[in-house]
Amino acid sequence: MVSRRNFFSIFIMMAVIFFMFQFYQVAREGQSGYGVNIHISEEVLSGSNRWKLAEDWERELDIDFVVLFSQRGGPVETVVSQWCEYTKRALLVYSEMEEYVISMEHLPEVVLVDAETVRLPDEMLFFEEITDLGVTLIFCNLPSPQIIKGMDDLQKLLGIQSVRQDTIEVEGVHLLSGFLLGGEGVYRAETEKDVKLQDLELNVPWYITAGGTKTYMVGLLDKLLEDEEAKNEYFPGLIWRNGYKKSSVFVVNGSYMESMMGIGILDAMMYEAKPYVIYPVVNAQNITVANFPSFSGESDEKMKEMYSRDTKGVLQNICWPALSGMATRSQYRMTCLMTAQYDYMDNIEPFTDTLPFYLQEFREVNAEAGISLKYADTADLTVKLERDEVFYSSMEEDYVYSAVFAEEKDLGQLGAALPAQPFLKTVRTIASQTPENAPIISYYNDDITLQSVTSVASKHTYSDNLRLKCYETALGYSNVLVDMHNILWPENEEDRWENASEDMVSNLDTYWKPFSDFQNTTLSESDARIRALLNLDYQDNREGDTIRLQVSNVDEGWFLLRTHGERIADIDGGEYQEVEADAYLIHAQQASVVISLERDRGGVNYSVN
């Protein structure tokens, strides 16, 4: 039996603890500014000042330019033009080789060839001339094996020893280390579980590369894998380099240059062709959580059937603890794109009591709140925006929404639709799933950027991994989508949260680990960096051990420096960190950045000119 004295002591202790926690919560809510979006900057760059080539650039003999022979508007031309925009190169496109006249005073940095435009053997004289001048030559794809078999001089140019078979189905693909960021990749299904991951191009011509070539990616064959002495040149070559005359000739066997992964392949090729490369990157890794939270009980019946609780309970008590735990553990900065409701014709209105809760929770894990524009086909975008305006304007929170998630079908309407709604006038960036040949980052208009989804968190196939390495190599950027719509509107048991979240966490912790030196950002934070990349201009040159980088049009920017066995000894005008061997992330903080390199060989430092 508890005495009165002990009971009173226990009561006093409990009261003190209760008031301490209550005081802490009140103080935290009063000082944290949960209704403020801390992820947006006050001043942003405008698309009206984006980088553009001067109309008279061809008069400038010191500007880097690229010549592409390709059909205008085709997939190869789309990829190459986007690469040139990101790396600030001028581009000349010709549908026929005879249209281009070589100027000895102004040679291109690189010539790229789409095999569809090649008329052989007529163009062999051009290839001989351009390689004799030391210009890098890239075949974005190849003529048919029948044409290659009949031309010895073309085989020598391409570095092909023989055509073993016109086509063969390889068991997998081997990406060798040192070409793309992220290291080696062996994309071969070893188990039944791996079979569903294999979605790479497997039917290819079997070219055996000649001696003196350097292979970057090959197809794998069981009968060769059994031979421990088998070298890469015996496998079907997919990407390789041949030294021909004074030039490097790069060859792509397949359609890899017909999607945006080609921009990473091009940057890797330029790295292999030069003593060093330095080019702008975004330096942003995003986690876009779309359609979370939902403020409607539209799917209560299904949620109760699957989880024995309503939609609000599933999101707050099951999904959010897992998402916030992942963000805290891995320091991801999520952008949660909220949805008031999905079906605007079902007479189920959103509840208004949970927005403050989520804004507080988001702030605790450095997440940003945005708006999802997804809706059922019972309505249209105008109806959704008008109804959402009523809902969000009724909230007491004055949160500034800078980011939205939109479906591809609605992108064309957003330029006029967003400014028409007061709560969306502050939108600066749109995240969306776009086709593989669409720009990864771009200006939607002068005021708004477009950030394409680069991966889906719950799914990661072999082509997803190769694409990830290409995008990180080219831009130091990824935008991973966690779409909660399928969780709230499940089609089968695979859409259960425990299944999707397990795959999501496993994929993020595994495949993004090599890129952890790039910074985690929200969509608004990466928006500011995307504007910097799209607006900046730069020049670099090297004298001895010193690289001088001149940056204009922006106050700061990020660059990737890749060397061959050299490391940074010192930097003035910026900061750096090592991403992986021979790859450095440069933060340019002044208009002029001076980078000093050194090579260590047996304790002796020397420069490579």
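**Close-up 1. Lining of the largest pocket.** Of the 30 residues that line the largest pocket, S458, K459, H460, D503 and N507 lie nearest its centre. This is a predicted model, in which local features need pLDDT of at least 70 and side-chain atom pairs count only at pLDDT 80 or more, while totals for chains, interfaces and linings use all residues. Residues are numbered from 1 along each chain as its sequence is written, and side-chain values use heavy atoms, with hydrogens and water left out. The volume of the largest pocket is about 820 Å³. (On a 1 Å grid over the protein atoms alone, a pocket is an open set of points with protein on both sides within 12 Å along at least five of seven lines, a cavity is a set where a 1.4 Å probe fits but cannot get out, and lining residues have an atom within 4 Å of a point; points are joined across faces, edges and corners, and a volume is the space filled by probe spheres set on them.) With eleven residues, α16 gives the most to this lining (helices, H or I of at least four residues, and strands, E of at least two, are DSSP runs numbered from the N terminus).

**Close-up 2. The second largest pocket.** This pocket has a volume of about 610 Å³. D64, E109, Y538, Q539 and D540 lie nearest its centre, among 31 lining residues. Strand β23 gives the most, six residues. The lining has 13 nonpolar, four polar and 14 charged residues (Ala, Val, Leu, Ile, Met, Phe, Trp, Tyr, Cys and Pro count as nonpolar, Asp, Glu, Lys and Arg as charged, and the others, Gly among them, as polar).

**Close-up 3. The largest cavity.** Its volume is about 90 Å³. The lining includes N291, E298, K374, H485 and W489. β13 (284–294) and α15 (485–488) each supply at least two of the lining residues. By class, three are nonpolar, seven polar and two charged.

**Close-up 4. The second largest cavity.** About 50 Å³ of space lies here. Helix α11 provides the largest share of the lining, three residues. Among the lining residues are Y34, H39, F362, R363 and Y399.

**Close-up 5. Packing of α10 on α11.** Helix α10 (residues 311–330) and α11 pack at about 10°, with their axes 13 Å apart (axes are lines fitted to C-alpha atoms, for helices over the stretch in contact, and angles run from 0 to 180 degrees between N-to-C directions). α10 is therefore roughly parallel to α11 (angles under 35 degrees). L315, Q316 and W320 of α10 meet F357, Y358, E361 and F362 of α11 (contact means heavy atoms within 4.5 Å).

Methods
Parallel < 35°, antiparallel > 145°, perpendicular 65-115°, else oblique.
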